[in-house]
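Student: I am new to this structure and would like a close look at a single part of it. Could you take me through the strands and then the residues around them?

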Amino acid sequence: MTLLYFTDTKQIIDSNPFHPFVVYSYILNSAIMRKYLSPTTILLVTTLVVNTFAFADEPKQSKKQQQEAAVKQMVEQQKYTFIAQSALPLGGPTKQLSYGYNMRVAKDTVAAYLPYYGRGYVAPMDMTGGGVDFTSTDFDYQTKATKKGWDITISIKDDMEHRYELLLFVSKSGTATLQVNDNTRQSISFYGEVQSK
């Protein structure tokens, strides 16, 4: 009498003959174990092994849920930093960025220090600048929850030279895409992630 079968046993054995299910199957199906173990003992052992493997995935799910909860809290409290990892200029190749480019968001302040690649429509007032570099305390901030994360729109009002509109998408895992629209030059996008301030 065979007590336990696996539909993919051959596949499991070929990939890993010491897989716990394979070893367990050998033990239960051996004539010696069938002779000395009662059906009740075998049932209890089977239940224990199945429960052990069923709960093995819980830490992974729990970690993912904790990450999503942390990102949700940052977005809802409007307190986070977008870390730019790459820039996507309009009509140009993707450029990998060194560490240090970011946009900090708080309830009373939005501050950006990001590079710019693209074409301008007017000559800049400050010839030493050139990036997306500002600190604002007068801005509109709107958040909309979606199935995959949050769409955030930030309109900067107190920059005399640029009328920035920042479109930030934050996924539940914390990855993010920022599009910077500017009335004086081409749009540019950044890919990165959000972190706590």
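Tutor: Val 105 stands opposite Val 110 in β4, where strands, like helices, are DSSP runs numbered from the N terminus (E, at least two residues, for strands; H or I, at least four residues, for helices). This is a predicted model, in which local features need pLDDT of at least 70, side-chain atom pairs count only at pLDDT 80 or more, and totals for chains, interfaces and linings use all residues. Residues are numbered from 1 along each chain as its sequence is written, and side-chain values use heavy atoms, with hydrogens and water left out.

β3 and β4 run antiparallel and are joined by 4 bridges, where two strands count as paired if DSSP finds at least two bridges between them. The two strands form a hairpin, with 4 residues between them. β3 (residues 102-105) also pairs with β1 (residues 80-89), again in the antiparallel sense and over 4 bridges. Within that pairing, Val 105 is the bridge partner of Tyr 80.

The phi of Gln 78 is near 55 degrees, a positive value in a residue other than glycine. Most residues other than glycine have a negative phi. Gln 78 is buried, because its relative accessible area is 12% and buried means under 20% (exposed is over 50%, partly exposed in between, with a 1.4 Å probe and protein chains only).

Leaving out residues up to four places away in sequence, Tyr 116 touches Gly 130, Gly 131, Arg 185, Gln 186 and Ile 188, a contact being heavy atoms within 4.5 Å. The side chain of Tyr 116 reaches the backbone oxygen of Gln 186 at 2.8 Å, and that of Arg 119 at 3.5 Å. Tyr 116 and Asp 133 are 17 residues apart in sequence, and their C-alpha atoms are 9.4 Å apart in space.

Finally, the largest nonpolar core has 33 residues, of which Met 103, Ile 154, Leu 166 and Phe 190 touch the most other members; such a core is a set of buried Ala, Val, Leu, Ile, Met, Phe, Trp, Tyr and Cys residues joined through side-chain atoms within 4.5 Å. Phe 190 has contacts, not counting residues up to four places away in sequence, that include Phe 82, Leu 88, Leu 114 and Pro 115.

Terms used
Polar contact = N/O pair within 3.5 Å; in protein donor to acceptor, adjacent residues only side chain to side chain.
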